[in-house]
Amino acid sequence: MSIKVENLKHVYMPKTPFEKIALDNVNMEIQDGEFVALIGHTGSGKSTLIQHFNGLLEATSGKIIVDGTEITDKKVNLTDVRKKVGLVFQYPEYQLFEETIAEDIAFGPKNLGLDTEEIKKRVIRSMEMVGLDYETYKDKSPFDLSGGQKRRVAIAGVIAMKPTTLILDEPTAGLDPKGRDDILDQISKLHKEYNMTIILVSHSMEDVAKIAERIVVMNHGKVALQGAPAEVFKEVDTLERIGLGVPQVTYLIRELRKKGLPISDNVFTIEEAKKELRKILKDN
Ligand code: ADP
């Protein structure tokens, strides 16, 4: 399964004084099993783009091909597409509303008309996938949980639809550092242990450097750069021009290199920096 975007354009409120070109000739492809981060500052078109991946927004022009099916074709049944491509919105915990966690997660599968046994299986499995023990949490109110846990419940609700691709829009927004790390670890696990294709929307270079295999940088509705983190982070000037920059630790390492320290310039996370610095200390 892949998601292919060809010459995609999206215009909000066309032919009005408020007309806004949110996506302008976007071309990209996401392969089965990839972990791709979509990064860009506010208003660059990230949310608009991901809502095309499961047909929530209609393209003004261009094509989206999901798993070989052109979903921009009006005849396509979007329910099938939405089963394959799950979308976790920003602050998804605001959409929790049932009395218990298990009921909340069961909401989507119930709407699919599945039988009770299958619904229960899916709830247990998706809770396990986000690291919430079924017996401990099933009867609790989602409103009694911490911010990070509520978000896990919301993610479990999408996973219960058994998508092969999971899109998450700013999943760490508003969480404290521990909550951020927990959610990122959990997402990484969904990718590594459960082989889900992940599309992570973020504006944090630090988050993206830690977990993404490939980065797509958006700017003013266009793809500005794309590639492996090491390739993208080499484009410091372009990233700074569009107001993103590189991870803070990368700036630090660059300064140390300038001062003559024999350190690799491929350092984008604190962990990598620690390893490199230890190596240098050992050699001297
Ligand atoms: P991002 O997710 O990167 O912050 P968005 O996709 O939300 O960017 O927005 C891209 C552009 O489209 C912005 O200029 C934004 O103001 C505009 N926009 C987003 N949603 C709407 C909407 N519903 N109506 C009109 N303009 C919108």
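Select glutamate 58 and lysine 74: both are exposed (over 50% relative accessible area; buried is under 20%, partly exposed in between, with a 1.4 Å probe and protein chains only). The model is predicted, with local features needing pLDDT of at least 70 and side-chain atom pairs pLDDT 80 or more, while totals for chains, interfaces and linings use all residues. Numbering runs from 1 along each chain as its sequence is written, and side-chain values use heavy atoms, without hydrogens and water.

**Stop 1: salt bridges**

Stay on glutamate 58 and lysine 74. Their side chains form a salt bridge, 3.2 Å from N to O (the rule: a side-chain nitrogen of Lys or Arg within 4 Å of a carboxyl oxygen of Asp or Glu). Glutamate 58 sits in the loop between helix 1 (46-53) and strand 4 (61-66), and lysine 74 in the loop between strand 5 (69-70) and helix 2 (78-84), so the pair ties together parts 16 residues apart in sequence. Helices (H or I, at least four residues) and strands (E, at least two) are DSSP runs, numbered from the N terminus.

By this rule the count is 16 salt bridges. Next, select lysine 222 and aspartate 24. Their side chains meet in a salt bridge of 3.0 Å, N to O. Lysine 222 belongs to strand 10 (residues 222-227) and aspartate 24 to strand 2 (residues 20-30), so this pair links parts 198 residues apart in sequence. Lysine 222 is partly exposed at 40% relative accessibility. Aspartate 24 is partly exposed too, at 24%.

Now pick glutamate 135 and lysine 138. The closest N and O atoms of this salt bridge are 3.8 Å apart. Glutamate 135 is exposed, at 57% relative accessible area, whereas lysine 138 is buried, at 18%.

**Stop 2: helix 6**

Select residues 147-159. Helix 6 has 13 residues and reaches 19 Å from first C-alpha to last, close to the 18 Å expected (1.5 Å times one less than the number of residues). Of its 13 residues, 10 are buried, so helix 6 is largely enclosed by the rest of the structure. Among the buried residues are Arg151, Arg152 and Ile155. What covers them? The cover of the buried residues includes strand 6 (85-88), helix 3 (101-111), helix 4 (116-129), strand 7 (165-169) and helix 7 (177-192).

Centre on glutamine 149, also in helix 6. Glutamine 149 is partly exposed, at 23%. Leaving aside neighbours within four places in sequence, glutamine 149 is in contact with Leu132 and Tyr137 (heavy atoms within 4.5 Å).

**Stop 3: asparagine 219**

Move to strand 9 (residues 214-219), where asparagine 219 lies. Asparagine 219 is buried, at 14% relative accessible area. Residues up to four places away aside, asparagine 219 touches His41, Ser44, Ala224 and Ile242.

**Stop 4: two domains**

Colour domain 1 (3-243) and domain 2 (247-284) separately; the bounds come from an automatic or database domain assignment. Their centres, taken over C-alpha atoms, are 33 Å apart. Show the contacts: 10 residues of domain 1 meet 7 residues of domain 2. The domains bury about 690 Å² between them, 67% of it on carbon and sulfur atoms (accessible area, 1.4 Å probe, lost by two parts on being put together, summed over both). Helix 8 (205-211), helix 9 (229-233) and helix 10 (236-241) each give two or more residues to the side of domain 1 that touches domain 2. The largest share of that side, 4 residues, comes from helix 8.
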